[in-house]
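Subject: Structure handover

Hello,

The structure we discussed is below. My notes on it follow.

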Amino acid sequence: MNLYTYASPANFYVLAGKLIPWFSWGAGLLAVWGLYISFFLAPTDFQQSEAYRIIFIHVPAAWMSMFIYLVMAFWGAIGLAFNTRLSFMMARALAPTGALFTFIALWTGALWGKPMWGAWWVWDARLTSELILLFLYVGIIALWAAIDDVRRGDRAGSLLTLIGAINVPIIYFSVKWWNTLHQGSSINLMKAPSMAAIMLQGMLVMAIAAWFYTIAVALVRVRRIILERERQTDWAKAILENE
Amino acid sequence: MEWASWSDFWHMAGYGLYVWGSFGVTAAGVLIEVILLKRAGADTRRRLKRMQQWATSLEGEGQ
Amino acid sequence: MHRFLLAVLRRDLTLAARRRGDWLIAQFFFVMVASLFPLGVGPEPEMLARIGPGVLWVAATLASLLSLTRLFADDHHDGSLEHMVLSPEPTVLLVLGKSIAHWLIYGVPLLLIAPVLGIQFHLSWEAIMVLELSLLLGTPILSLLGSVGAALTLGLRGGGVLLTLLILPLYIPALIFGAGAVDGVMAGTGAEAHLSLLGAFMVLSLMIAPWIAAAALRVSLE
(Lines give C-alpha, C1' and ligand atoms only; values in the text may rest on other atoms or scores of the structure.)
Protein backbone atom coordinates (compact mmCIF):
# COMPACT_ATOMS: atom_id res chain seq x y z
CA MET A 1 0.00 0.00 0.00
CA ASN A 2 1.60 3.26 -1.04
CA LEU A 3 0.50 6.75 -1.84
CA TYR A 4 0.01 6.03 -5.51
CA THR A 5 -2.80 3.66 -4.71
CA TYR A 6 -4.92 6.65 -3.82
CA ALA A 7 -4.07 8.51 -6.99
CA SER A 8 -6.50 6.21 -8.77
CA PRO A 9 -10.04 7.60 -8.70
CA ALA A 10 -11.57 4.25 -7.68
CA ASN A 11 -9.50 3.96 -4.51
CA PHE A 12 -9.76 7.61 -3.73
CA TYR A 13 -13.55 7.43 -3.95
CA VAL A 14 -13.56 4.89 -1.14
CA LEU A 15 -10.94 6.71 0.92
CA ALA A 16 -12.77 10.03 0.57
CA GLY A 17 -15.98 8.36 1.71
CA LYS A 18 -14.23 7.24 4.89
CA LEU A 19 -12.63 10.63 5.53
CA ILE A 20 -15.72 12.80 5.05
CA PRO A 21 -17.38 12.02 8.42
CA TRP A 22 -14.15 12.71 10.30
CA PHE A 23 -13.64 16.08 8.68
CA SER A 24 -17.31 17.04 8.97
CA TRP A 25 -17.45 16.26 12.68
CA GLY A 26 -14.05 17.86 13.18
CA ALA A 27 -15.24 21.02 11.46
CA GLY A 28 -18.40 21.10 13.57
CA LEU A 29 -16.64 20.59 16.90
CA LEU A 30 -13.88 23.05 16.09
CA ALA A 31 -16.43 25.64 15.02
CA VAL A 32 -18.27 25.25 18.33
CA TRP A 33 -15.01 25.61 20.24
CA GLY A 34 -13.98 28.60 18.11
CA LEU A 35 -17.35 30.29 18.60
CA TYR A 36 -17.10 29.71 22.34
CA ILE A 37 -13.73 31.46 22.38
CA SER A 38 -15.02 34.26 20.14
CA PHE A 39 -18.03 35.09 22.26
CA PHE A 40 -17.28 33.95 25.80
CA LEU A 41 -13.54 33.80 26.38
CA ALA A 42 -12.28 36.74 24.32
CA PRO A 43 -12.66 39.97 26.32
CA THR A 44 -14.30 43.14 25.08
CA ASP A 45 -11.88 45.28 23.10
CA PHE A 46 -11.33 48.66 24.73
CA GLN A 47 -11.29 50.48 21.37
CA GLN A 48 -13.77 48.59 19.25
CA SER A 49 -16.08 47.28 21.97
CA GLU A 50 -17.91 44.15 20.75
CA ALA A 51 -17.72 44.91 17.03
CA TYR A 52 -14.24 43.43 16.82
CA ARG A 53 -15.69 39.93 17.28
CA ILE A 54 -16.28 39.96 13.52
CA ILE A 55 -12.52 39.36 13.28
CA PHE A 56 -13.09 35.71 14.23
CA ILE A 57 -14.96 35.21 10.96
CA HIS A 58 -13.36 37.82 8.79
CA VAL A 59 -9.70 36.91 9.17
CA PRO A 60 -10.11 33.11 8.84
CA ALA A 61 -12.34 33.62 5.79
CA ALA A 62 -9.75 35.92 4.19
CA TRP A 63 -7.00 33.39 4.93
CA MET A 64 -9.04 30.58 3.46
CA SER A 65 -9.90 32.52 0.32
CA MET A 66 -6.20 32.92 -0.43
CA PHE A 67 -5.08 29.45 0.70
CA ILE A 68 -7.74 27.71 -1.37
CA TYR A 69 -6.66 29.64 -4.44
CA LEU A 70 -3.06 28.57 -3.89
CA VAL A 71 -4.10 24.95 -3.32
CA MET A 72 -6.12 25.07 -6.54
CA ALA A 73 -3.08 26.42 -8.38
CA PHE A 74 -0.99 23.65 -6.81
CA TRP A 75 -3.37 20.90 -7.94
CA GLY A 76 -3.62 22.50 -11.35
CA ALA A 77 0.16 22.59 -11.72
CA ILE A 78 0.46 18.95 -10.60
CA GLY A 79 -2.24 17.96 -13.05
CA LEU A 80 -0.60 19.80 -15.94
CA ALA A 81 2.86 18.46 -15.10
CA PHE A 82 2.04 14.80 -14.37
CA ASN A 83 -1.27 14.44 -16.16
CA THR A 84 -3.05 13.10 -13.08
CA ARG A 85 -6.81 13.19 -13.48
CA LEU A 86 -7.50 13.37 -9.77
CA SER A 87 -5.57 16.65 -9.33
CA PHE A 88 -7.85 18.43 -11.79
CA MET A 89 -10.90 17.07 -10.03
CA MET A 90 -9.57 18.39 -6.70
CA ALA A 91 -8.99 21.83 -8.22
CA ARG A 92 -12.57 21.89 -9.50
CA ALA A 93 -13.96 20.68 -6.20
CA LEU A 94 -12.27 23.51 -4.29
CA ALA A 95 -13.30 26.49 -6.40
CA PRO A 96 -16.89 27.08 -5.21
CA THR A 97 -15.86 26.92 -1.55
CA GLY A 98 -13.00 29.33 -2.25
CA ALA A 99 -15.44 31.76 -3.83
CA LEU A 100 -17.77 31.37 -0.85
CA PHE A 101 -15.02 32.27 1.62
CA THR A 102 -14.00 35.24 -0.52
CA PHE A 103 -17.57 36.47 -0.46
CA ILE A 104 -17.74 35.97 3.33
CA ALA A 105 -14.49 37.91 3.79
CA LEU A 106 -15.92 40.80 1.74
CA TRP A 107 -19.28 40.74 3.48
CA THR A 108 -17.83 40.69 6.99
CA GLY A 109 -15.29 43.32 5.97
CA ALA A 110 -18.16 45.61 4.98
CA LEU A 111 -20.06 44.93 8.20
CA TRP A 112 -16.94 45.64 10.19
CA GLY A 113 -16.08 48.74 8.22
CA LYS A 114 -19.44 50.41 8.83
CA PRO A 115 -19.16 50.82 12.63
CA MET A 116 -15.38 51.27 12.63
CA TRP A 117 -14.78 53.61 9.69
CA GLY A 118 -18.30 54.84 9.09
CA ALA A 119 -18.51 53.35 5.60
CA TRP A 120 -19.69 50.00 4.25
CA TRP A 121 -16.91 49.95 1.76
CA VAL A 122 -13.50 51.57 1.79
CA TRP A 123 -10.98 51.04 -0.97
CA ASP A 124 -8.56 49.55 1.49
CA ALA A 125 -5.79 47.48 -0.06
CA ARG A 126 -6.95 44.24 1.55
CA LEU A 127 -10.62 44.64 0.69
CA THR A 128 -9.79 45.64 -2.87
CA SER A 129 -7.47 42.67 -3.36
CA GLU A 130 -10.13 40.42 -1.92
CA LEU A 131 -12.63 41.80 -4.44
CA ILE A 132 -10.21 41.11 -7.28
CA LEU A 133 -9.69 37.59 -5.92
CA LEU A 134 -13.45 37.10 -6.12
CA PHE A 135 -13.30 38.19 -9.78
CA LEU A 136 -10.58 35.60 -10.40
CA TYR A 137 -12.67 32.84 -8.79
CA VAL A 138 -15.72 33.84 -10.81
CA GLY A 139 -13.67 33.83 -14.02
CA ILE A 140 -12.33 30.34 -13.37
CA ILE A 141 -15.73 28.93 -12.46
CA ALA A 142 -17.27 30.57 -15.54
CA LEU A 143 -14.57 29.09 -17.77
CA TRP A 144 -15.22 25.61 -16.37
CA ALA A 145 -18.93 26.07 -16.86
CA ALA A 146 -18.46 27.14 -20.49
CA ILE A 147 -16.32 24.18 -21.55
CA ASP A 148 -18.21 20.91 -21.95
CA ASP A 149 -15.21 18.80 -22.85
CA VAL A 150 -13.75 17.45 -19.60
CA ARG A 151 -10.15 17.22 -20.72
CA ARG A 152 -10.06 20.69 -22.21
CA GLY A 153 -11.93 22.21 -19.28
CA ASP A 154 -9.54 20.71 -16.73
CA ARG A 155 -6.47 22.04 -18.46
CA ALA A 156 -7.87 25.43 -19.44
CA GLY A 157 -9.08 26.11 -15.91
CA SER A 158 -5.74 25.10 -14.44
CA LEU A 159 -3.82 27.34 -16.83
CA LEU A 160 -6.05 30.25 -15.87
CA THR A 161 -5.57 29.49 -12.16
CA LEU A 162 -1.82 29.42 -12.69
CA ILE A 163 -1.56 32.73 -14.50
CA GLY A 164 -3.84 34.17 -11.84
CA ALA A 165 -1.57 32.82 -9.09
CA ILE A 166 1.45 34.43 -10.74
CA ASN A 167 -0.52 37.64 -10.98
CA VAL A 168 -1.96 37.71 -7.46
CA PRO A 169 1.20 39.01 -5.71
CA ILE A 170 1.58 41.68 -8.41
CA ILE A 171 -2.07 42.66 -8.04
CA TYR A 172 -1.73 42.84 -4.27
CA PHE A 173 1.41 44.94 -4.53
CA SER A 174 -0.09 47.29 -7.10
CA VAL A 175 -3.28 47.75 -5.10
CA LYS A 176 -1.28 48.47 -1.94
CA TRP A 177 0.82 50.97 -3.83
CA TRP A 178 -2.26 52.60 -5.33
CA ASN A 179 -3.85 52.73 -1.88
CA THR A 180 -0.92 54.45 -0.17
CA LEU A 181 -0.74 57.04 -2.94
CA HIS A 182 -4.40 57.88 -2.86
CA GLN A 183 -5.38 58.08 0.77
CA GLY A 184 -2.19 57.99 2.76
CA SER A 185 -3.62 54.72 4.09
CA SER A 186 -4.17 55.26 7.77
CA ILE A 187 -6.73 52.47 7.88
CA ASN A 188 -5.48 48.98 8.40
CA LEU A 189 -7.70 46.09 9.24
CA MET A 190 -5.17 44.07 11.15
CA LYS A 191 -3.53 46.74 13.25
CA ALA A 192 -6.70 48.17 14.72
CA PRO A 193 -7.15 45.94 17.77
CA SER A 194 -4.10 45.05 19.80
CA MET A 195 -3.83 41.32 19.31
CA ALA A 196 -4.34 39.45 22.56
CA ALA A 197 -3.23 35.82 22.74
CA ILE A 198 -6.80 34.61 23.23
CA MET A 199 -7.90 36.42 20.08
CA LEU A 200 -5.17 34.81 18.05
CA GLN A 201 -6.20 31.46 19.47
CA GLY A 202 -9.82 32.06 18.52
CA MET A 203 -8.87 33.01 14.98
CA LEU A 204 -6.66 29.96 14.63
CA VAL A 205 -9.35 27.58 15.85
CA MET A 206 -11.87 29.11 13.50
CA ALA A 207 -9.36 28.91 10.66
CA ILE A 208 -8.75 25.20 11.33
CA ALA A 209 -12.50 24.65 11.47
CA ALA A 210 -12.76 26.35 8.09
CA TRP A 211 -9.99 24.09 6.76
CA PHE A 212 -11.80 20.97 7.96
CA TYR A 213 -15.04 22.23 6.46
CA THR A 214 -13.33 22.96 3.16
CA ILE A 215 -11.75 19.52 3.03
CA ALA A 216 -15.04 17.80 3.84
CA VAL A 217 -16.98 19.76 1.23
CA ALA A 218 -14.27 19.33 -1.40
CA LEU A 219 -14.20 15.57 -0.79
CA VAL A 220 -17.97 15.30 -1.21
CA ARG A 221 -17.72 17.28 -4.41
CA VAL A 222 -14.78 15.30 -5.73
CA ARG A 223 -16.66 12.05 -5.13
CA ARG A 224 -19.50 13.30 -7.25
CA ILE A 225 -17.10 14.35 -10.01
CA ILE A 226 -15.34 10.97 -9.89
CA LEU A 227 -18.60 9.07 -10.13
CA GLU A 228 -19.74 11.16 -13.06
CA ARG A 229 -16.51 10.75 -14.99
CA GLU A 230 -16.00 7.06 -14.23
CA ARG A 231 -19.59 6.03 -14.88
CA GLN A 232 -18.53 3.66 -17.66
CA THR A 233 -16.25 1.62 -15.40
CA ASP A 234 -17.36 -1.53 -13.61
CA TRP A 235 -16.56 -0.31 -10.11
CA ALA A 236 -18.62 2.86 -10.58
CA LYS A 237 -21.54 0.79 -11.87
CA ALA A 238 -21.27 -1.48 -8.86
CA ILE A 239 -21.29 1.49 -6.49
CA LEU A 240 -24.33 2.99 -8.17
CA GLU A 241 -26.24 -0.26 -7.88
CA ASN A 242 -25.39 -0.80 -4.24
CA GLU A 243 -25.96 2.71 -2.94
CA MET B 1 -18.13 35.37 31.65
CA GLU B 2 -18.51 38.47 29.54
CA TRP B 3 -22.25 38.79 29.44
CA ALA B 4 -24.63 39.81 32.20
CA SER B 5 -27.71 38.50 30.38
CA TRP B 6 -28.90 37.02 27.09
CA SER B 7 -30.23 40.36 25.89
CA ASP B 8 -26.77 41.80 26.53
CA PHE B 9 -25.35 39.02 24.41
CA TRP B 10 -27.67 39.69 21.48
CA HIS B 11 -27.21 43.42 21.81
CA MET B 12 -23.39 43.26 21.53
CA ALA B 13 -22.99 46.73 23.03
CA GLY B 14 -24.93 48.23 20.13
CA TYR B 15 -23.07 46.34 17.43
CA GLY B 16 -25.51 43.44 17.28
CA LEU B 17 -26.56 44.13 13.69
CA TYR B 18 -22.98 44.01 12.46
CA VAL B 19 -21.77 41.08 14.53
CA TRP B 20 -24.83 38.91 13.94
CA GLY B 21 -25.03 40.05 10.35
CA SER B 22 -21.52 38.68 9.84
CA PHE B 23 -21.95 35.40 11.67
CA GLY B 24 -25.47 34.91 10.33
CA VAL B 25 -24.53 35.34 6.68
CA THR B 26 -21.54 33.07 7.14
CA ALA B 27 -23.76 30.39 8.67
CA ALA B 28 -26.30 30.86 5.88
CA GLY B 29 -23.60 30.61 3.22
CA VAL B 30 -22.23 27.40 4.69
CA LEU B 31 -25.73 25.96 5.07
CA ILE B 32 -26.68 26.80 1.49
CA GLU B 33 -23.48 25.26 0.19
CA VAL B 34 -24.11 22.04 2.13
CA ILE B 35 -27.73 21.82 0.95
CA LEU B 36 -26.82 22.48 -2.68
CA LEU B 37 -24.07 19.90 -2.42
CA LYS B 38 -26.42 17.25 -1.03
CA ARG B 39 -28.99 17.96 -3.70
CA ALA B 40 -26.45 17.97 -6.53
CA GLY B 41 -25.01 14.69 -5.26
CA ALA B 42 -28.44 13.03 -5.16
CA ASP B 43 -29.31 14.39 -8.61
CA THR B 44 -26.09 13.09 -10.12
CA ARG B 45 -26.56 9.62 -8.62
CA ARG B 46 -30.15 9.44 -9.78
CA ARG B 47 -29.23 10.56 -13.28
CA LEU B 48 -26.34 8.11 -13.55
CA LYS B 49 -28.52 5.28 -12.30
CA ARG B 50 -31.17 6.06 -14.87
CA MET B 51 -28.55 6.15 -17.62
CA GLN B 52 -27.27 2.81 -16.45
CA GLN B 53 -30.69 1.19 -16.36
CA TRP B 54 -31.38 2.54 -19.79
CA ALA B 55 -28.10 1.08 -21.07
CA THR B 56 -28.82 -2.36 -19.59
CA SER B 57 -32.37 -2.38 -20.99
CA LEU B 58 -30.96 -1.61 -24.44
CA GLU B 59 -28.51 -4.47 -24.07
CA GLY B 60 -31.36 -6.78 -23.10
CA GLU B 61 -33.32 -5.88 -26.22
CA GLY B 62 -30.31 -6.37 -28.40
CA GLN B 63 -29.85 -10.00 -27.41
CA MET C 1 12.93 31.05 -35.75
CA HIS C 2 13.05 34.70 -36.68
CA ARG C 3 11.70 33.88 -40.07
CA PHE C 4 8.66 32.15 -38.60
CA LEU C 5 7.94 35.06 -36.25
CA LEU C 6 8.23 37.53 -39.11
CA ALA C 7 6.04 35.36 -41.32
CA VAL C 8 3.30 35.26 -38.68
CA LEU C 9 3.57 39.02 -38.23
CA ARG C 10 3.46 39.75 -41.95
CA ARG C 11 0.52 37.42 -42.45
CA ASP C 12 -1.57 38.98 -39.68
CA LEU C 13 -0.76 42.51 -40.78
CA THR C 14 -1.64 41.73 -44.38
CA LEU C 15 -4.95 40.22 -43.30
CA ALA C 16 -5.68 43.25 -41.12
CA ALA C 17 -4.84 45.62 -43.97
CA ARG C 18 -7.43 43.87 -46.11
CA ARG C 19 -10.11 44.25 -43.48
CA ARG C 20 -9.59 47.82 -42.40
CA GLY C 21 -13.06 48.13 -40.90
CA ASP C 22 -12.40 45.46 -38.30
CA TRP C 23 -9.65 47.10 -36.38
CA LEU C 24 -11.05 50.60 -36.75
CA ILE C 25 -14.00 49.45 -34.65
CA ALA C 26 -11.77 49.06 -31.58
CA GLN C 27 -10.39 52.56 -32.06
CA PHE C 28 -13.84 54.09 -32.44
CA PHE C 29 -14.93 52.19 -29.35
CA PHE C 30 -12.00 53.74 -27.46
CA VAL C 31 -13.00 57.25 -28.56
CA MET C 32 -16.67 56.68 -27.79
CA VAL C 33 -16.18 55.27 -24.30
CA ALA C 34 -13.86 58.14 -23.43
CA SER C 35 -16.34 60.70 -24.85
CA LEU C 36 -19.21 59.34 -22.79
CA PHE C 37 -17.56 60.32 -19.52
CA PRO C 38 -17.75 64.12 -19.89
CA LEU C 39 -21.41 63.65 -20.78
CA GLY C 40 -21.89 61.55 -17.66
CA VAL C 41 -19.97 63.59 -15.09
CA GLY C 42 -20.14 67.12 -16.49
CA PRO C 43 -17.76 69.32 -18.48
CA GLU C 44 -15.81 71.09 -15.67
CA PRO C 45 -12.17 71.18 -16.85
CA GLU C 46 -10.67 70.49 -13.41
CA MET C 47 -12.77 67.41 -12.87
CA LEU C 48 -12.08 66.11 -16.39
CA ALA C 49 -8.35 66.60 -15.92
CA ARG C 50 -8.64 64.76 -12.61
CA ILE C 51 -10.41 61.69 -14.00
CA GLY C 52 -8.90 61.84 -17.51
CA PRO C 53 -5.93 59.48 -17.05
CA GLY C 54 -8.06 56.81 -15.39
CA VAL C 55 -10.84 57.08 -17.95
CA LEU C 56 -8.47 56.86 -20.91
CA TRP C 57 -6.71 53.87 -19.40
CA VAL C 58 -9.94 52.02 -18.65
CA ALA C 59 -11.18 52.78 -22.17
CA ALA C 60 -7.89 51.43 -23.57
CA THR C 61 -8.25 48.13 -21.67
CA LEU C 62 -11.84 47.69 -22.85
CA ALA C 63 -10.92 48.49 -26.44
CA SER C 64 -8.16 45.86 -26.32
CA LEU C 65 -10.65 43.22 -25.20
CA LEU C 66 -12.97 44.10 -28.07
CA SER C 67 -10.28 43.29 -30.63
CA LEU C 68 -8.80 40.32 -28.74
CA THR C 69 -11.81 38.08 -29.32
CA ARG C 70 -10.71 37.86 -32.95
CA LEU C 71 -7.04 37.13 -32.21
CA PHE C 72 -7.26 33.41 -32.98
CA ALA C 73 -10.91 33.03 -33.98
CA ASP C 74 -10.60 33.80 -37.70
CA ASP C 75 -7.70 31.43 -38.21
CA HIS C 76 -9.54 28.83 -36.17
CA HIS C 77 -12.59 29.07 -38.42
CA ASP C 78 -10.73 28.48 -41.67
CA GLY C 79 -8.55 25.77 -40.12
CA SER C 80 -5.22 27.50 -40.68
CA LEU C 81 -4.61 27.83 -36.93
CA GLU C 82 -4.52 24.07 -36.50
CA HIS C 83 -1.96 23.78 -39.29
CA MET C 84 0.24 26.41 -37.72
CA VAL C 85 0.08 24.80 -34.28
CA LEU C 86 0.84 21.36 -35.71
CA SER C 87 3.74 22.68 -37.79
CA PRO C 88 7.25 22.00 -36.43
CA GLU C 89 7.69 25.68 -35.57
CA PRO C 90 7.23 26.44 -31.85
CA THR C 91 3.72 27.50 -30.88
CA VAL C 92 5.19 30.08 -28.50
CA LEU C 93 6.52 32.02 -31.48
CA LEU C 94 3.15 31.81 -33.20
CA VAL C 95 1.45 33.28 -30.13
CA LEU C 96 4.16 35.89 -29.70
CA GLY C 97 3.89 36.92 -33.35
CA LYS C 98 0.14 37.20 -33.13
CA SER C 99 0.38 39.24 -29.91
CA ILE C 100 2.85 41.64 -31.51
CA ALA C 101 0.64 41.93 -34.58
CA HIS C 102 -2.32 42.64 -32.33
CA TRP C 103 -0.36 45.34 -30.60
CA LEU C 104 0.66 46.93 -33.89
CA ILE C 105 -2.92 46.89 -35.13
CA TYR C 106 -4.62 47.93 -31.91
CA GLY C 107 -1.97 49.61 -29.72
CA VAL C 108 -0.17 51.87 -32.17
CA PRO C 109 -3.32 53.57 -33.56
CA LEU C 110 -4.46 53.99 -29.96
CA LEU C 111 -1.22 55.83 -29.20
CA LEU C 112 -2.00 58.19 -32.06
CA ILE C 113 -5.55 58.89 -30.89
CA ALA C 114 -4.86 59.18 -27.15
CA PRO C 115 -3.29 62.71 -27.26
CA VAL C 116 -6.40 64.07 -28.97
CA LEU C 117 -8.57 62.64 -26.22
CA GLY C 118 -6.06 63.96 -23.67
CA ILE C 119 -6.69 67.46 -24.99
CA GLN C 120 -10.43 66.88 -24.69
CA PHE C 121 -9.89 66.01 -21.05
CA HIS C 122 -7.83 69.17 -20.50
CA LEU C 123 -4.64 67.32 -19.65
CA SER C 124 -1.43 69.36 -19.68
CA TRP C 125 1.20 68.66 -22.35
CA GLU C 126 3.42 67.09 -19.77
CA ALA C 127 0.61 64.80 -18.65
CA ILE C 128 -0.13 63.85 -22.26
CA MET C 129 3.52 62.96 -22.81
CA VAL C 130 3.48 60.67 -19.79
CA LEU C 131 0.14 59.22 -20.88
CA GLU C 132 1.70 58.32 -24.21
CA LEU C 133 4.71 56.78 -22.50
CA SER C 134 2.52 54.77 -20.13
CA LEU C 135 0.36 53.53 -23.02
CA LEU C 136 3.49 52.66 -24.98
CA LEU C 137 4.67 50.46 -22.11
CA GLY C 138 1.22 49.29 -21.06
CA THR C 139 -0.66 48.34 -24.22
CA PRO C 140 1.76 45.48 -25.04
CA ILE C 141 0.82 43.99 -21.64
CA LEU C 142 -2.82 44.08 -22.68
CA SER C 143 -2.05 42.30 -25.96
CA LEU C 144 0.16 39.69 -24.27
CA LEU C 145 -2.14 38.82 -21.35
CA GLY C 146 -5.11 39.03 -23.65
CA SER C 147 -3.64 36.33 -25.90
CA VAL C 148 -3.95 33.92 -22.96
CA GLY C 149 -7.63 34.73 -22.60
CA ALA C 150 -8.22 34.50 -26.34
CA ALA C 151 -6.54 31.07 -26.45
CA LEU C 152 -8.51 29.76 -23.46
CA THR C 153 -11.89 30.87 -24.80
CA LEU C 154 -11.25 29.83 -28.39
CA GLY C 155 -14.41 28.50 -30.02
CA LEU C 156 -16.59 28.70 -26.90
CA ARG C 157 -20.11 30.06 -27.07
CA GLY C 158 -20.21 33.49 -25.46
CA GLY C 159 -16.42 33.55 -25.72
CA GLY C 160 -16.24 37.33 -25.93
CA VAL C 161 -17.98 38.01 -22.63
CA LEU C 162 -16.07 35.19 -20.98
CA LEU C 163 -12.78 36.62 -22.22
CA THR C 164 -13.65 39.93 -20.52
CA LEU C 165 -14.42 38.16 -17.28
CA LEU C 166 -11.15 36.20 -17.31
CA ILE C 167 -8.74 38.87 -18.39
CA LEU C 168 -9.90 42.14 -16.82
CA PRO C 169 -8.70 41.19 -13.29
CA LEU C 170 -5.27 40.39 -14.72
CA TYR C 171 -5.09 43.84 -16.31
CA ILE C 172 -5.42 45.65 -12.99
CA PRO C 173 -1.69 46.17 -12.26
CA ALA C 174 -1.22 47.71 -15.72
CA LEU C 175 -4.19 50.00 -15.12
CA ILE C 176 -2.92 51.09 -11.70
CA PHE C 177 0.64 51.76 -12.80
CA GLY C 178 -0.38 53.34 -16.11
CA ALA C 179 -3.04 55.72 -14.83
CA GLY C 180 -0.94 56.31 -11.70
CA ALA C 181 1.99 57.53 -13.77
CA VAL C 182 -0.12 60.31 -15.30
CA ASP C 183 -1.64 61.11 -11.91
CA GLY C 184 1.83 61.29 -10.43
CA VAL C 185 3.08 63.80 -12.94
CA MET C 186 -0.03 65.94 -12.44
CA ALA C 187 0.35 65.82 -8.67
CA GLY C 188 4.02 66.72 -8.97
CA THR C 189 5.33 63.49 -7.43
CA GLY C 190 6.86 62.29 -10.69
CA ALA C 191 6.10 59.28 -12.87
CA GLU C 192 9.41 57.42 -12.93
CA ALA C 193 8.49 54.85 -10.27
CA HIS C 194 5.18 54.02 -11.94
CA LEU C 195 6.71 53.80 -15.38
CA SER C 196 9.53 51.54 -14.27
CA LEU C 197 7.06 49.21 -12.52
CA LEU C 198 4.94 49.23 -15.65
CA GLY C 199 8.02 48.37 -17.68
CA ALA C 200 8.90 45.52 -15.31
CA PHE C 201 5.35 44.17 -15.58
CA MET C 202 5.61 44.32 -19.36
CA VAL C 203 8.88 42.36 -19.38
CA LEU C 204 7.35 39.78 -17.05
CA SER C 205 4.27 39.45 -19.26
CA LEU C 206 6.50 39.10 -22.31
CA MET C 207 8.38 36.25 -20.66
CA ILE C 208 5.43 34.33 -19.23
CA ALA C 209 2.24 35.06 -21.19
CA PRO C 210 3.25 33.56 -24.58
CA TRP C 211 4.13 30.22 -22.94
CA ILE C 212 0.84 29.96 -21.11
CA ALA C 213 -1.08 31.12 -24.17
CA ALA C 214 0.70 28.50 -26.30
CA ALA C 215 -0.22 25.78 -23.80
CA ALA C 216 -3.80 27.06 -23.74
CA LEU C 217 -3.94 27.05 -27.52
CA ARG C 218 -2.83 23.43 -27.68
CA VAL C 219 -5.42 22.51 -25.04
CA SER C 220 -8.18 24.31 -26.93
CA LEU C 221 -7.32 22.65 -30.24
CA GLU C 222 -7.05 19.08 -28.96
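What percentage of the 63 residues of chain B count as buried? The figure is 10%. Please keep in mind that this is a predicted model, and that every value in this message is computed from it.

Chain B

The secondary structure of chain B consists of 2 helices and 0 strands. Its radius of gyration is 25 Å, whereas the globule rule gives 11 Å for 63 residues; the value for chain B is well over that, so the chain is more spread out than a compact globule. Along the principal axes, the C-alpha atoms of chain B fill a box of roughly 80 × 20 × 15 Å.

Chain C

In chain C there are 9 helices and 0 strands. Read from the N terminus, the order of elements is α-α-α-α-α-α-α-α-α. Of the 222 residues in chain C, 50% are buried. The radius of gyration of chain C is 18 Å, which agrees with the value near 17 Å that a compact globule of 222 residues would have. The box filled by the C-alpha atoms of chain C, again along the principal axes, is roughly 55 × 30 × 30 Å.

Helix H7 (residues 125-152) of chain C packs against helix H9 (residues 192-221) of chain C at an angle of about 20°, and the two axes are 7 Å apart. Angles under 35 degrees count as roughly parallel, so H7(C) is roughly parallel to H9(C). The crossing of H7(C) past H9(C) is left-handed. Sorted by class, the contact of H7(C) with H9(C) has 20 nonpolar and 6 polar residues, and no charged residues.

How the chains meet

There are 2 pairs of chains in contact, and of these chains A and B share the most contacts. Chains B and C do not touch, and their nearest C-alpha atoms are 24 Å apart.

For the contact between chains A and B, chain A supplies 30 residues and chain B supplies 23 residues. On the side of chain A that touches chain B, the elements giving two or more residues are helix H3 (85-117), helix H6 (197-229) and helix H7 (234-242) of chain A. H3(A) provides the largest share of this side, 10 residues. By class, the side of chain A that touches chain B has 17 nonpolar, 4 polar and 9 charged residues.

For the contact between chains A and C, 25 residues of chain A meet 22 residues of chain C. Here the elements of chain A that give two or more residues to the side touching chain C are helix H4 (125-146) and helix H5 (150-183). The largest share of that side, 16 residues, comes from H5(A). The class count for the side of chain A that touches chain C is 19 nonpolar, 3 polar and 3 charged residues.

When you look at the model, the two sides of chain A can be found from these helices: H3(A) gives the largest share of the side that touches chain B, and H5(A) gives the largest share of the side that touches chain C.

Regards

Key: Residues numbered from 1 in each chain as written. Chains lettered and ligands numbered in written order. Predicted model: local features only at pLDDT ≥ 70, side-chain atom pairs only at ≥ 80, totals over all residues. Contact = placed C-beta atoms within 7 Å. Helix = DSSP H or I, 4+ residues; strand = E, 2+ residues; numbered from the N terminus. Nonpolar A, V, L, I, M, F, W, Y, C, P; charged D, E, K, R; others polar. Rg over C-alpha atoms; globule rule 2.2 N^0.38 Å. Buried ≥ 20, exposed ≤ 12 C-beta atoms within 10 Å, placed from the backbone. Axes fitted to C-alpha atoms, helices over the stretch in contact; angles between N-to-C directions. Parallel < 35°, antiparallel > 145°, perpendicular 65-115°, else oblique. Left-handed = near helix turned anticlockwise from the far one by under 90°.
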